[in-house]
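Colleague: I would like to go through the aromatic residues and the nonpolar packing of this protein. Could we look at the model together?

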Amino acid sequence: MADAQTNRRRISGIIILGILAAALAPLAGPVWRYVQTNEIRPHAPDWVAFAALPAQVKVHIAAALAALVIGFIILALPKGRGPHKALGWTWVVAMSITAVSSLFMTGLNGDIYSLIHLISGWAIIVLPMGIYAIRNRKVDAHRRHMMSLFLGALLIAGTFSFLPGRFMFEFFF
């Protein structure tokens, strides 16, 4: 039984990576051309540009960065103990703020929502599911929900924010 479950997880992981690769493939050419034609120099954060951002974007960035740092700390700590629970609730709050604040950001497609907003809706739905799972002692479901948010909503979506032309790219490069 455990081997079948491990195989299912492995197969679903490979499928997810395949879907992600297919989704990212169209970006490879334009990003590569940008890198070849423009000199990219990392620099100290551009705080003047940050100060010029609307409040909802500042809140979104601060909450996302807090969730990212707290998430890595949670992953490093033993699970199920006091620090994990306290940091877990803090992470849930930071993720909630990140998801809700993104609903007030529509600049990517003019004044309409873009596909990236699907991640916000997903986070708003999955966060309570993760809490419900752990309250009902379904540790595996809790782990799946929270890890999917950490990987998908923070790491993958966060990586997209560093594409050339996006604010985080300009902030650091």
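Colleague: Which residues do ring pairs link into a cluster?

Modeller: In this predicted model, the cluster joined by ring pairs consists of Trp47, Phe50, Phe162, Phe167, Phe171 and Phe172. The structure holds 8 aromatic pairs. In one of them, the ring centres of Trp47 and Phe171 are 5.2 Å apart and the planes stand at 85°, so this pair is edge-to-face.

Colleague: Which helices do Trp47 and Phe171 lie in?

Modeller: Trp47 belongs to helix H2 (residues 47-51) and Phe171 to helix H7, so the pair ties together parts 124 residues apart in sequence.

Colleague: And is Trp47 buried or exposed?

Modeller: Trp47 is exposed, because its relative accessible area is 54% and the cut-off for exposed is over 50%. Phe171, at 6% relative accessibility, counts as buried.

Colleague: Where is Phe162 placed?

Modeller: Phe162 sits in the loop between H6 and helix H7 (167-172). Its relative accessibility of 36% makes Phe162 partly exposed. Together with Trp32, Val35, Ile40 and Phe173, Phe162 makes a nonpolar surface patch of about 450 Å².

Colleague: What does Leu149 touch?

Modeller: Leaving aside residues up to four places away in sequence, Leu149 touches Trp91, Met95, Trp122, Ala123, Val126, Leu127 and Leu154.

Definitions and conventions: Residues numbered from 1 in each chain as written. Predicted model: local features only at pLDDT ≥ 70, side-chain atom pairs only at ≥ 80, totals over all residues. Heavy atoms only, no water. Contact = heavy atoms within 4.5 Å. Patch = residues over 30% accessible without salt bridge, like charges linked within 9 Å, V, L, I, M, F, W, Y side chains within 5 Å. Areas by Shrake-Rupley, 256 points an atom, 1.4 Å probe, with all protein chains shown as cover. Salt bridge = Lys/Arg side-chain N within 4 Å of Asp/Glu carboxyl O. Helix = DSSP H or I, 4+ residues; strand = E, 2+ residues; numbered from the N terminus. Buried < 20%, exposed > 50% of the residue type's maximum accessible area, 1.4 Å probe, protein only. Phe/Tyr/Trp six-rings, centres within 6.5 Å; stacked < 30°, edge-to-face > 60°.
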